[in-house]
Every structure is written in structure tokens, then in C-alpha cells.
Amino acid sequence: MPDENQKLSSSGPNAGTHRVVGQPVHRYGGVDRVTGAQRYLSDITFANAAHVAFATIPVGCAAIDAIDTSPAWAMPGVIAVVHADDLPQPVARFGVSHKDRPVIATKMVNYHGEPVVAVVAETEDEAHAAANAAVIHYTELPGVYGLDAALAGDAHLVQDPSVRPRDDLNSTNVLEQVEYAWGDVDSDGISSPTIIEDTYTFPMVTHFPIEPGGIVAAPTDDGGIEIYSPVQHPYLLQRTIADVWSIPLSRVRVIAPDPGGGFGGKQTPRYEPLIAFLALKTGRTCRLVLSLEEAFQLMRRSGCRIHARTGFSESGELAFHEMQVDFVVGAYADVAPRVMTKGSYVGAGPYRIPRVSINARAVLTNTVPSCAFRGFGAPQVGWATESQLDAGARALGLDSLEIRRRNLVEHDEAFIRGDYEARSDGRWHESLEKAAELIGWHEPTPSGRGRGIAVGIKPGATTGLSQSLVRLLYDGSAMAYAGTSDMGQGARTLWKQILADELGVDLDLITIISGDTNSVPFDLQTSASRSTVFMGNAVLAACEDIRDRVLKLYAEATGTAQSELAHSPGQLVTPSGAIALVEAAQTALGGLRGEFVGQGTCRLWGEKGHPLGGDAAFYEFNATAIEVEVDHATGEILLTKHVTVGDVGTEINPLQVVSQDEGAAIMGLGHSLMEQMLFDDNGQIVNLGAIDYRIPTFNDVALDMQTASIENNDGPGPYGCKGISEGALLCTAGAVGAAVADAVGTPVRELPITAERVWRTIRDANRDSPV
Amino acid sequence: MTESSLHPTSEVAVALELNGNLVHATVPAHRTLLDMLRDDLGLLGTKRCCAEGECGACSVLLDGELVNSCLVLGAEANGGVLLTIEGLSMDGVTDLQAEFLAAGAVQCGVCIPGQVMAAEQLLRTNPDASRDEIRDAMSGNLCRCASYQRIVQAIQAAAVGRRSDA
Ligand code: FES
Ligand code: FES
């Protein structure tokens, strides 16, 4: 059995033996997706299911005075009408970082959209009609909907201090704070010849998965429950349901249909404990299908305000960098404290800076609880740091590329110093230079246009555990059980490729099983672009385990000494030559047939005391270059070129790398150019839904868009790979911002950089400049 | 306990040619074509996201026109000829669908049936579409995985294939 606590270190390329790893193998499940046969949660039919709808109130902050459920009960088809008083008291609270989210709104409504009443009815229409009939009497309170309001001395407290009794910060709206520092900023900063100081903002944006999502819960005969939810972390959901309702893990079965887009928004449980309660209470299968509007009220990225002060030497070297970073996290913690600590940990960027001070806070507001979102805090803080670098470059007469060349760390150089330093695990200058080359940095910028280049970095997972089972069947087909949720990144395609090479099995003969806690072994989560590295290593180890077992049984069956046998990918090497592993397996299994079962585990222990719980298994590094044309009369921006280069280690499937890179890069255009959730004075979301909230379309893609990878086979995953799925949006905003500033002469410091903001910036600059 | 007891609307009988077969359904007058397809006729390949005509996930071809089925009433399809993703895929993966796979255009996939229907209509009505025309014609179909560039490539490849077959 392979060492299950293997250290994650670069395994290097396995050149010569690859047949399908590295090939553009088509997506697992692709045919079902193009023909409409793929079944997402709302496509699965359940016999005799009852339907759930919620009643909410049109404000972001209120005390619930009374609830009159009788009009709802009087509606046709109603099976149950439930609010906080109907749940076991005190109403359970749950959450991954703080147990602060109640199963249903309890005494208070803390954000617009928080469910107050849940109705179970025979049909979806009946459930909605009855939910509309429920009468909620409430007193609106002066909620806090922005940072200044939340941080004011007399601010309304989003969370009652009793929710976090032992917390020093519980009489404020600061949920958590963190400080990172090295060098001594105060002493020496003043002597830097060039100091740039400014404030930047990053909007709250929503994930907008094309599948808004939903939940189905069905009670089982043994007192347990089955939950269907398109979640990224089925095992976290299983644990949460077990904890909240005191059911043994073995009787909580989570079935996770492929998410129709996740992007971090489908990680943590929110409504599942409530739907489970409704199913247990009514004894019926209860089905909730969310609308897109409800998805807006379920998931978003935290907004951020960053005040930064940065010093540069005369030749453009960073001398110091100070930041106050405030994340707008919303009403409940979810994973937002982690977004704050992880995003600000790399807040100073991949640069060589002798003195850094970063103070970051996660600030509660009466808005939708924020959660993970591709990039996980790094794009927010990076927006400020990258913009500061460009401001410094402009002041010093350098360009975007040159200032980065002078400051970007070399391979294995520390970019985070102090007690828990972090070093570059890639040759990042190669990505920067490649991006410059692809956009034609050295050719003159066409007139009327501007160019910018930026870099971004994000720590991958800092702890992890993925377990996998692989079965090699008698007829030479194989199955892998791997708990990664396949939400568009194409994880199962990679497992298939690994099996094909390691066992020598045809791609067509491989089946991957995922999304069912009853049959698939434990996987911590599908997040932080970890799966290719963690689950990939587990699948690889399971294949090696199978080869070991084939070798041993072959020795026994043929009377060969084990010492005379060896195995390699797809083969058993015998004294009379190499034979296909599948053939050796058949010989070994003999007339009784049977199969081989291999197990693989990849575990990364954390590091006590480390601010992130451990050093990252790898870093995602990206360089993005953008060219824009700006209409000075209207402020409209036309993206003429968009280039991104990722430091990927090894491409296991180049086609999927391109899809993910382009997808992330275009998604990054959303928060850079057009997306922002807006709230009115009562905390209602103003642009709730697709008509008023715009995401990138076909027409928003740059006229010329290219992605590329740097492959140095230097990652800790199979064949030297690293995770890749977030890199291309880490620094989109910085590159767009630099390009716009280059085109119009003045930077915009608030995202999204809308036409209106550009127009105002041009107007103000003209007004200020002497005629 | 039917919907008509909820909303005093009448039920209407709908007869249409759906993917080449004549089908009959009786649905509440307010039911959308999308809901009729999914809930009454069991055709689940047509997807729902925004339900207000903004995302294209529910795209189908009604009487040779591309429509968002969430914006059309089931009753309006009465007497019509309707093609959905199931009908398009009746004989297996089409050339266009194969190009989607080859181009890496399919990520989570939930927008893809709508994208395929819109792309098919484009190829039928403007087989020589330029890249800009493709982008314009497809701009009503959102893809949050942002496979846009891959989809354009797939459409262009399918167009080339159809021209050489013609
Ligand atoms: S669901 Fe019909 S256009 Fe969005
Ligand atoms: S493939 Fe995921 S939304 Fe288009």
C-alpha cells in the first residue's frame, strides 16, 4: 500500500510513458451535456414529492414581531407552514467558521431574502401562493448596508453579542481581524522618494450560476435522511446535517448531482438543514428549486475597500507597502473570515518588499452572507496592490511591465516574510514575459488605445484530504470512485486520463463514480483548485496500489518470485518481458475471476500556528495583459486584446486548461467592468435578477483573446501539475485598470470601471488641468 | 386540488408538432412553454435560469424561429412546429454538437442546450456568418463558465463542415 501520508512534493514529469495524460481528451459527460440528457438537480423527478417555498420581507434588517400563518394554512395543497417557533428550541445555528446562521430567521431578519416562513405544499405553485399568503409583522431597524455605516460608533449590531459570547469583538460589527507585517514600516517609509497613497473599492458581485440550484430531502425508513443538493462539498453537508439534527453520519446520505456552475457559491450548506427538517417533520420528500433571484440572495463575493500606502525607490523598487483592508462580508460568517485571512495574506502580491503591514477586517453588514468565489479574496486585495504598482510606475516614468520585472520574486524567493514566510514555487517571470510577448508589449500601442499588464497570486489549499478507490475489473474495464464535484472544471475527465495511463485501460472502458456519500469515499472539499492535485494524487496512488496487488497475485498464481516482477504504468514486467497490466490481472485472477480494488489517499497536514493553518500546497500565479480602446466622449471601453498566462506545472488536459482559463478571465471582466450588487436604503437588492444585473456576454469578450500556460512540471500534483482554475481572474481588474489609465491618462480606483466612471474621470481630469 | 382552484384560469388544450411527433397537452392558460415542456411533457433538456428572457438557457425553435421558451405561453405553441434539444439530438450527436465537444465549449453544461439551439438556428439562417455576426447572434445566450470563445470556434468549425458537405 502506498504511503498514505505522502508529502506533497513535485513528482516531476513521467516522460515517455504518457499516452493520454497531456492530450485534449473530450469532457467526461460531454455528450449528455450537448444533447440535454444531463440531469441537474431540477431535472431529477421524485415520486410524490412535496414542494417548498419561502416567505421573506422586503427589507434588510428587521425585528420579527409576529407571524400569522393561518392565511397560508388556508391555501390549497398546504402540508406544512413552518417558522422559527416550530423548530426545536433554541433554533440551531451552524456554519463552518462561526456557528451563527440559524436554520430559519429567528426573531430577526438580517438580510434581504432571509427565509422567515417555509411552506410545504403539493405543487410548486401552491407552495408559492401559500408563502405569499403568510403574514409577517415586523419592525424595520436601521440596518447597516455599507462599511461606513457598519463601522460607525453607534452602528446597529448585525449579530447580537449572544451569538458569539466569548468574542472580544462582539460589541462591534467586526467579525474577525488579522494583521500581517514584516520589516518596520513606520521607521523608514518616510524616506522613500516616491510614495503613493490611495483608496480602492471592489464591488459585491454574485456568482450567477446558470443553474440557480435547489435541494431535495427525503426521509428514510431507518430514521435517516437523503439530501440531494448540487454542492461542491458533499461531505461537509453530510456532517452539517448530522450535527444539526443529531443523526449518525451513516444515516445521512448526500447525493450531489453535478452542479450547473459552482464558482465557490455552492460550497457550504445554507437551506439544507431547513429542508431536512421539513422532510423529517412531514415525512414527505421535500423539493426546493431556487429562482435566479433567490440565488442572488444565497451567494455573493465579499466587496472590499482597501486603503494603501506604498513607497518606491528612485529606480522603482518597492520600499514598503501598507494596507488597511476591509471586506464587506454580510450577515453571517460562512467562509468569509477565511476569504479575508487568505486574501490579505497574499495582499502584498508576489513581490520583493522589505517592509509590509496589512491590517484586514471582515465586517458584518445586513447583506447577503458572502462566501467563497473564484479567487477567494485575492482579486479584491490584488486590485489595490496592482493599481498601486502602476501608479508608482507612472510617477517614475516606468511602464506596467518594467515595474513588475523589477519587483517580482525569482524562483524560490520569499515574497511573504516573517515567521511564516512563503516562497515562489514557480518561475513566475516566465509567465510575465510570455504575457508581454503575446500582447506585443514591445510594439507601439495603437493610437487611442491603452495597455496594462498585471500579475496575481493565490494560495492553493493549505490542508487537505482526498481518498479514492479504483477497481480494475476482470474484463479490463475500470472504475474510479472520487468525491470531487464535477461542476464544469472537468475533474472526472482527468481521473479517466490518469486511470488510462496508469492501468493501461482504454478511455472508453472507464467509469467514474462521484456525488454520493453512500458509495464514494471521503473527500474534504472541491475548492481552492485543489482537486487535480489532491484527488489526482489519491487516484494515482490507488492505481499504484492496484499494480502492487496485481504483481503479488500474479506471483502467487504463476509461481514466480515477487522479486522477479516489477510494474510500471500500464504494465507488469516479468522475467520473459513486459505484459499489459490488464492481461497480467486476468492471469492472476484466474478462473474465479473477481477484481482488484486499490485505495489511495492524499493528505496534507496543516502547520500549527500558521496564519492559514499551513503553507499552501502550491500557488496559482497568473499574468494578464490587456489592451483597450476608450471612447473619450462616452467613456465606453472596447477590449481589443486580452492575454492571460498561468503557471500550471503540467497540463493534464490542455483543452480543459484553455476552457478554465478563458472562463476565469472572462468572469474577471465582470467585476472589472460591469457587475455590482446594489442595495437601497432599506437594504433591498436593487438589481435583483438578470434584467438589471449584467454579466459578460459573447460581445464582452476581447476582439483578440489568448491564453497560454507555462509548464515546468514543478507542481505537487500528478505529473508535476498545479491547480489552475482561478488564476486567470486574479488580476483581470488590475490589468484592465492599468490599460484604461494608460488610455485616458488617469486611473479609476473604483470597480467596476463602468463607462460612466471613465467618463467622469476624463471630465474631472479635464476640469482640473489648466487649459 | 389542481392549479385551477388556485388561479381561476381556464385550462387550454394544446396540440403541436414536437420534435416531429404530434402531441397533445392540456395546460393552465398561464403556463409557459418552458414549464409545459419540462413539467407536462417531461422534456427536461431545455433549461431554466432567469425565467425572464435574459439568459437563453431555455432556447427552442418554434416555427423556425429562435425563442426563449420562458417568454412564450404553452398555449401560443398550439398548432406550431417545435424543435427542442431532444429533437435535434434524436439521431445522436450532430456535427455542431461534436464541434462543441472538440472545441472544449462544454464546461458545467447547463447553458449548452440553449447555446446549441441558438447556434443551430444561426447556421440555418446565416451559414456564412462572420465572427462578429456569430457573437451578435449568440449574445442572448449567457454562459457563466464563459465558454464564449470556444462556442464561436465550434460554430465556425461546423459552418466550414456544412459548407464542404453542401
Ligand atoms: S430561462 Fe428563459 S431566457 Fe432565461
Ligand atoms: S457551460 Fe456552464 S454556464 Fe455555460
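**Exercise 1.** In the hairpin of S21(A) and S22(A), which residue takes a positive phi, and how many residues lie between the strands?

*Solution.* The structure is a predicted model, in which local features need pLDDT of at least 70, side-chain atom pairs count only at pLDDT 80 or more, and totals for chains, interfaces and linings use all residues. Residues are numbered from 1 along each chain as its sequence is written, while chains are lettered from A and ligands numbered from 1 in the order in which they are written.

Step 1. Strands (E, at least two residues) and helices (H or I, at least four) are DSSP runs, numbered from the N terminus. Strand S21 of chain A covers residues 464-473, and strand S22 of chain A covers 478-482.

Step 2. Four residues lie between the strands of this hairpin, and Gly476(A) takes a positive phi near 90°.

Step 3. Two strands pair if DSSP finds at least two bridges between them. S21(A) and S22(A) pair in the antiparallel sense over five bridges; Val470(A) stands opposite Ala480(A) in S22(A).

**Exercise 2.** Describe the open sheet that contains S21(A) and the helix that packs on this sheet.

*Solution.* Step 1. The four strands follow the order S23-S22-S21-S27 in chain A, with mixed pairing. Strand S23 (510-513) and strand S27 (595-604) of chain A are the edge strands, each pairing on one side only. From one strand to the next, the twist averages 15°.

Step 2. S21(A) pairs with S27(A) in the antiparallel sense over ten bridges. Leu469(A) has Gln599(A) as its bridge partner in S27(A), and Leu465(A) has Arg603(A).

Step 3. H14(A) packs on the sheet and touches S21, S22 and S27 of chain A; its direction makes about 140° with that of S27(A). Such angles run from 0 to 180 degrees between N-to-C directions, with axes fitted as lines to C-alpha atoms, for helices over the stretch in contact.

**Exercise 3.** Is Glu197(A) buried or exposed?

*Solution.* Step 1. A residue is buried if 20 or more other C-beta atoms (placed from the backbone) lie within 10 Å of its own, exposed if 12 or fewer, and partly exposed in between.

Step 2. Glu197(A), which lies in strand S10 (residues 194-202) of chain A, is exposed because it has 12 other C-beta atoms within 10 Å.

Step 3. S21(A), by contrast, is mostly covered, with seven of its ten residues buried.

**Exercise 4.** Which residues of the largest nonpolar core touch the most other members?

*Solution.* Step 1. A nonpolar core is a set of buried Ala, Val, Leu, Ile, Met, Phe, Trp, Tyr and Cys residues joined through C-beta atoms within 7 Å.

Step 2. Of the 301 residues in the largest core, Val119(A), Leu278(A) and Val740(A) touch the most other members. Helix H14 (residues 531-558) of chain A gives the most to this core, with 13 residues.

**Exercise 5.** How many residues of chain A are in contact with chain B, and which helix supplies the largest share?

*Solution.* Step 1. Two residues are in contact if their C-beta atoms, placed from the backbone, lie within 7 Å. By this rule, 49 residues of chain A are in contact with 43 residues of chain B.

Step 2. The largest share of the side of chain A that touches chain B, eight residues, comes from H16(A).
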